[in-house]
Amino acid sequence: MNRDGNKTSIWQASVNNYVPKNPWNKSQVYDVLIVGGGITGLTTALVLQEAGKKCILAEAHNLGFGTSGGTTAHLNTILDTPYYQVIKDFSEKDATHLAMGAREGIDLVEGLVTKYNIDCDFEYKSAFLFAETDEEVNELENIKDGNEQVHVLSEWSETIPVPVPFKRALKVDFQAQLHASKYLAGLAKIFEDAGGVILQHCLVSKMTEEENGVTADTCLGIIKAGAAVYATHLPPGINIFSFRCAPYRSYAMAFTLKSGAYPEALAYDLKDPYHYYRTHTVDGQSYVIAGGGDHKTGHNDNTEHSFTELEAYMRRHFEIDEISYKWSSQYYEPADGLPYIGLMPGHERMYTATGYSGNGFTLGSLAAKIICSHITGNQTPYDELFDPSRIKMVAGFANFVKENADVISQFISKRLSHAKLTSLAGLAPGEATVAEWEGQKVALYKDDNGHLYALDPVCKHAKCIVGWNTAEKTWDCPCHGARYAPNGDLLTGPAQSGLTQIKWEDIEGD
């Protein structure tokens, strides 16, 4: 399974690219077009198909290419935004609905696994949150209080499953984990068995909403449908979500232990950014899967160092035998801490789901049920809470200002400041930079064979200047998270096309 970066996740090693089997009838008007082949897109497509809708899914690359292929596949009712904070910013009723929704998302996963006998290692696990400082103990107490108010059962624990010193720990039962790519492949097969159509390597370049449906221009042809769902993190183009969601990258690794004593539960510390742990067995070999080191996309000049720091931290606490996999993935933080799921503002037939923080498999599954209910004319308890058109200036307002002040600074400083001139002779194979050359900004990458790629570094989404991700070998936009391959090809939106390649004669003035 291919992914949107240079690193290989543990899920890619054991599952090949899914090969769709159902033919596309180009003359058919489908009930729903789903754009994106990750957890949200595949689950939404299947749930809608089960509800009697004729669905077609268009994925720009291959299934699981984006974040879903790089997740660590935790399924939680304890979310990145704690319930006490939701109670403070919204209400106890809203926080209770959020907890209900998280449980409903996990129940949907379990229900599909059981109903269709999906071989994806789904298991319920206990989860442990632990505090290492007095300040973190206070935070943990607030988390427990919030859990009790929304009826998420938790209890104090004298132990945790990882060898990290701690002062206090909280145990929460009935959390879960699974094998990400096996589950995605299972969803795809079931969807096709139910009559759905999957198009891979099908980039949707334009979507037009009409009185009776939508028309999508794609690289494979025109798709017509009654409604469309963007399951692509941010919908493409400049829209309100560009300023309500901030892109972040998180780092993960899978390693074996000399002792063979692998954690039997999920674990999370309370640092910012926090570390997270679990165990998974692949082809008979157990691995600790651990992650952390999160930062805003495009805001770290040496992403390889993020892996070095994560490894050093893990080696302080574990007797590591071998680090088998290292990878990173992207997620989006919503301004007020809650996802946006439902009808896109200003549209009548176009839906979206985004802003999951680090809870994509749980909230992406819930999003499928919510969007299916919308399209089939039903209501859910979550419609108002997750409404993409909601405006609540108190909840998350400070974070909204901070994130978008940062976006604005990227527009100004990155566009107007001059990158340090880097001579082509000094660029080693595998290295890249944004440099000034003959009065023009140029993104330069030299591959392992010495071939030099020259690109216009202006992101095709909102005109920010991209930066080089040393670990994943991609060009990343620091404003809204669009990502490009070394040769400029588009990897992930919200941009809709790749970076412009520059001919050498244009640079040199020949």
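**Helix H1 and its surroundings**

Guide: In this predicted model, helix H1 (residues 39-50) and helix H5 (residues 180-193) have axes that come within 9 Å and cross at roughly 30°. Angles under 35 degrees count as roughly parallel, so H1 and H5 are roughly parallel to each other. Their crossing is left-handed. On the H1 side, the contact is made by Ile39, Leu42, Thr43, Ala45, Leu46 and Gln49. H5 contributes Tyr183, Leu184, Leu187, Ala188, Ile190 and Phe191. Sorted by class, the contact of H1 with H5 has ten nonpolar residues, two polar ones and no charged ones.

Glu50 also belongs to helix H1. Its relative accessibility is 35%; since buried means under 20% and exposed over 50%, Glu50 therefore counts as partly exposed. Leaving aside residues up to four places away in sequence, Glu50 touches Leu112, Lys115 and Tyr116. With two of these residues, Glu50 makes polar contacts through its side chain. One is with the side chain of Lys115, at 3.2 Å. The other, at 2.3 Å, joins the side chains of Glu50 and Tyr116.

Glu50 and Gly195 are 145 residues apart along the chain, and their C-alpha atoms are separated by 9.6 Å.

Key. Residues are numbered from 1 along each chain as its sequence is written. This is a predicted model: local features need pLDDT of at least 70, side-chain atom pairs count only at pLDDT 80 or more; totals for chains, interfaces and linings use all residues. Side-chain values use heavy atoms; hydrogens and water are left out. Axes are lines fitted to C-alpha atoms, for helices over the stretch in contact, and angles run from 0 to 180 degrees between N-to-C directions. Helices (H or I, at least four residues) and strands (E, at least two) are DSSP runs, numbered from the N terminus. Angles under 35 degrees count as roughly parallel, over 145 as roughly antiparallel, 65 to 115 as roughly perpendicular and the rest as oblique. A crossing is left-handed if the near helix is turned anticlockwise from the far one by less than a right angle, and right-handed if clockwise. Contact means heavy atoms within 4.5 Å. Ala, Val, Leu, Ile, Met, Phe, Trp, Tyr, Cys and Pro count as nonpolar, Asp, Glu, Lys and Arg as charged, and the others, Gly among them, as polar. Buried means under 20% relative accessible area, exposed over 50%, partly exposed in between (1.4 Å probe, protein chains only). A polar contact is a pair of N or O atoms within 3.5 Å; within protein, one must be able to donate a hydrogen and the other to accept it, and residues adjacent in sequence count only if both atoms are side-chain atoms.
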